[in-house]
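Biologist: I am new to this structure. Please take a close look at one part, the salt bridges, and walk me through them.

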Amino acid sequence: GLALRRGFGRGSMGGADVRPSVNDIGFKKWNPSDFRGMDAKKAWNVEMWARHRESYQFYFKPGKHIMAGFIFGIIIPVGLYCLVKADMTGIDKKEGRRRMYM
């Protein structure tokens, strides 16, 4: 926590630095052959998304998506608003209050 943030315990109080220097590690220059067998693994869902993205005109159905947007973007929000407003006006009428509505 606080001791590590201030640098205590890492050689900052006058003691020897316990971390090895770069020269002590033994740096080895890498070769391209060191990375053989480390190929990227393909994820089927990413590959399927990329395949559909390249040929979306065959899979995209405009009528289906327009109807879903109309239902979930207009019909359901307006219906919920009407239900909530009807409930609020009924309660307000019963209690004798007047309120400004949207």
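**The salt-bridge network**

Modeller: Start with Glu95, which counts as exposed at 51% relative accessibility. Exposed means over 50% relative accessible area, buried means under 20%, and partly exposed lies in between (1.4 Å probe, protein chains only). This is a predicted model, where local features need pLDDT of at least 70, side-chain atom pairs count only at pLDDT 80 or more, and totals for chains, interfaces and linings use all residues. Residues are numbered from 1 along each chain as its sequence is written, and side-chain values use heavy atoms, with hydrogens and water left out.

Now the contacts. The structure holds three salt bridges. Each is a side-chain nitrogen of Lys or Arg within 4 Å of a carboxyl oxygen of Asp or Glu.

Glu95 pairs with Arg97 in a salt bridge, at 2.5 Å from N to O. Arg97 is partly exposed, and its relative accessible area is 40%. Arg97 also forms a salt bridge with Asp92. There, the closest N and O atoms are 3.2 Å apart.

Next comes Asp92. Its relative accessibility is 2%, so Asp92 counts as buried. The side chain of Asp92 also meets that of Arg99 in a salt bridge, at 3.0 Å from N to O. Arg99 is partly exposed, with a relative accessible area of 40%.

Put together, the salt bridges link Asp92, Glu95, Arg97 and Arg99 in a network. Within it, Asp92 is buried, while Glu95 is exposed.
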